[in-house]
Amino acid sequence: LKFGSCLEATVRVDGCPVCMSQTRVTADEVCASVLWRSCLLACIARASVSSGDCWAGNRTPQTCCNPPGAKTSLLCWEHVYTYDGCCATAEGVRFDLQRRNFMSHMVRSGATVSFDLHHAPGGRTGAVASKSLSTRDTVFRVNAPQLFTLESVSPVLSEASARFSCDPHVVLALALAEEKWKPSSTFAKWIELLPATFANVLWFNSLQVELVQSTFFAYIADNWFRDLKCLQAVAESLSSSRTFEDLRWALSIVKTRSFASEGRTMLIPLADHFNHHTEPNVRIVAFADSLRFIATQDIMPGEELFVDSQASNLEYIIRYGYKVEDNPFGGRQFDLQGEPLQSQCPSCMLRYDLDVIENFTIDCHRHARYVSFEQQFGQLQMHEQVREDNYIYSAVEEACTQLLSMLVAPNPLSRYEMEGQLDLITQVLVKEIRAERVLLQRCIRDFRMRQLEPGSRPVPGDLVEAFGGLGSAH
C-alpha cells in the first residue's frame, strides 16, 4: 500500500481525516488527535504488519512505543517487530492518543509542556520541541502536587521501610506498588502509560545475571537485588497483598525513571520521555513550588530534547534494558587523584571514538599537577613536566588494567553465546563485554606508549586560563 493509495483510502468525518477500514480506529479517536501523520502511518502499517505480529509476549505499546523507542529496546528488538509499523497499528495509535490525553490532563492541572512526542522512522521515539525555545526557557514545568515523591508516601509505609533501613528507592517503589491499585489514585492516568515489563537486570535470567556479575557493573546487580529483598521484607511485614511481580515492577519503574534533584528522589510524569544524549540541551532545576526542565541552548521546533548522559551501553543494558545509538562511551567512569587541584578536572570516561579518553580531561589533570608543583617548588623543568605527565599516564593505565581484570567471566564468552543463542539479551551482553575488553586493552596500550614519549605535550591556552593563569602554558 503506497502513500498515495493511503490518501485515497482516507475519508473525512467532520473535516478530520480518518483511515477507518485500515486501522479500526474510531473517528472520534482520530479526530481527537488531529494528526494526519498517525492516520497515514496506520494505513501503511496495516498493509505490512499485523497486530498479532507486533503485540505478542512482552511487547506492548507501553514498552515499544515509549521513548527511547523499539529500535534500542531489548524487549522489542525482534526480527518480527516492524519498527515503524507496530506503533502505527490500531493499538499503537490508541496508546498515542491515550498518552496525548494525559499530556493535556497535565497541562489542565497546571503543568507547562513545550514539547510533543515524535515517533521517528526507524523505531525511535522521543520528545521534540513544540515551539522555538531560547536558552533558559522552560521546556517542562511540573507543580509539586504532580510529582510522585517521598512526601507522597504514607507514614505507615515510611516507618515500615525505616525499620528495615531500606533505600529511598525502596520506599518510593512500595508506595507506587500500592498506588497502582488505588481506584481513586490521582496518578492513575500516568500509571496506565508505564511499561508492565522490563529488560533490566532485575528481569535477567540466571545466565545473564552471571554475566553481569563478571563485569565492573556487578555492584548494580548487588544493590538492586538487595533493594528488591528489602522491598519484599517491608511488604511482608505489612501483610501487603502485593505480589513479587508487583514489587519488581514498581522497583523497576523507580530505578529506570526516577530523577534526583537537590537530594530528593522523585518520579516526574512525562519527564521520562526525554532521551539520554552525550550532548544534552535540557537540564533540571528545582524551585520552591515546582520542578522545571529548562533549555541550555536555543532549540528549534521539532528538535529532539535530551538530558545529560555519560555511560556505556553495557551499563545502559544492565540498568535500563536498552542501548543508546551512536554512544561513544565505554568502560566505567573513574577519577584521577593526587593533587587537590585535580578535583577541578572531569572524571575519566573511556570512548570508542577519537582518543580513548578526551585529551581535554588528560590535559586538565596534567596541568593541575603542573600548577600544584609550581605553587610549592617554583618553575617546572622539562624533565619534571615529563615526570608529572607520566604520573597521570601511569594512573590511567593502572585504572584500565584494573577494569579489564574485572571483566573475567567464570566461563568463556562463547559458552554463554551457545547457551543463550536464542536469547537477545544474552547475545547483546556478550557483544558489549567483548567490545569493552578491546577498548580497555587499547587504553592500556595507548597510555603505556605515552609514558615512552621523550617530551611533554603542550597544554591548550584556554585550559591554562581556566586555572586562573597559574603555572606555565608550556
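The legends below describe close-up views of a predicted model. Local features require pLDDT of at least 70 and side-chain atom pairs pLDDT 80 or more, whereas totals for chains, interfaces and linings use all residues. Residues are numbered from 1 along each chain as its sequence is written, and side-chain values use heavy atoms, with hydrogens and water left out.

View A. Helices (H or I, at least four residues) and strands (E, at least two) are DSSP runs numbered from the N terminus. Ile318 has 0% relative accessibility and counts as buried (under 20% relative accessible area; exposed is over 50% and partly exposed in between, with a 1.4 Å probe and protein chains only). Beyond residues up to four places away in sequence, its contacts include Phe204, Phe217, Trp224 and Leu429; contact means heavy atoms within 4.5 Å. The C-alpha atom of Ile318 is separated by 9.6 Å from that of Gln208, 110 residues apart along the chain.

**View B. The largest nonpolar core, with 112 residues.** Such a core is a set of buried Ala, Val, Leu, Ile, Met, Phe, Trp, Tyr and Cys residues joined through side-chain atoms within 4.5 Å. Phe115, Phe140 and Ile268 have the most contacts inside this core. Helix 19 (residues 424-450) gives the most to this core, with ten residues. Leaving aside neighbours within four places in sequence, Ile268 is in contact with residues including Phe140, Leu147 and Phe293.

**View C. An open sheet of four antiparallel strands in the order 3-6-12-11.** Strands pair if DSSP finds at least two bridges between them. Strand 3 (112-113) and strand 11 (282-286) each have a single partner strand, so one side of each is left without a neighbour in the sheet. Two bridges join strand 3 to strand 6 (residues 138-143), and Thr112 stands opposite Arg141. Five bridges join strand 11 to strand 12 (residues 290-295); these two strands form a hairpin with three residues between them. Ala286 has Leu291 as its bridge partner in strand 12.

**View D. The disulfide between Cys400 and Cys443.** A disulfide is a pair of cysteine sulfur atoms within 2.5 Å, and the S to S distance here is 2.0 Å. The torsion about the S-S bond is about 70 degrees, so the disulfide is right-handed. The link joins Cys400 in helix 17 (residues 382-405) to Cys443 in helix 19, 43 residues apart. Cys400 and Cys443 are buried. Cys348 is in no disulfide, and the nearest cysteine sulfur, that of Cys400, is 8.2 Å away.
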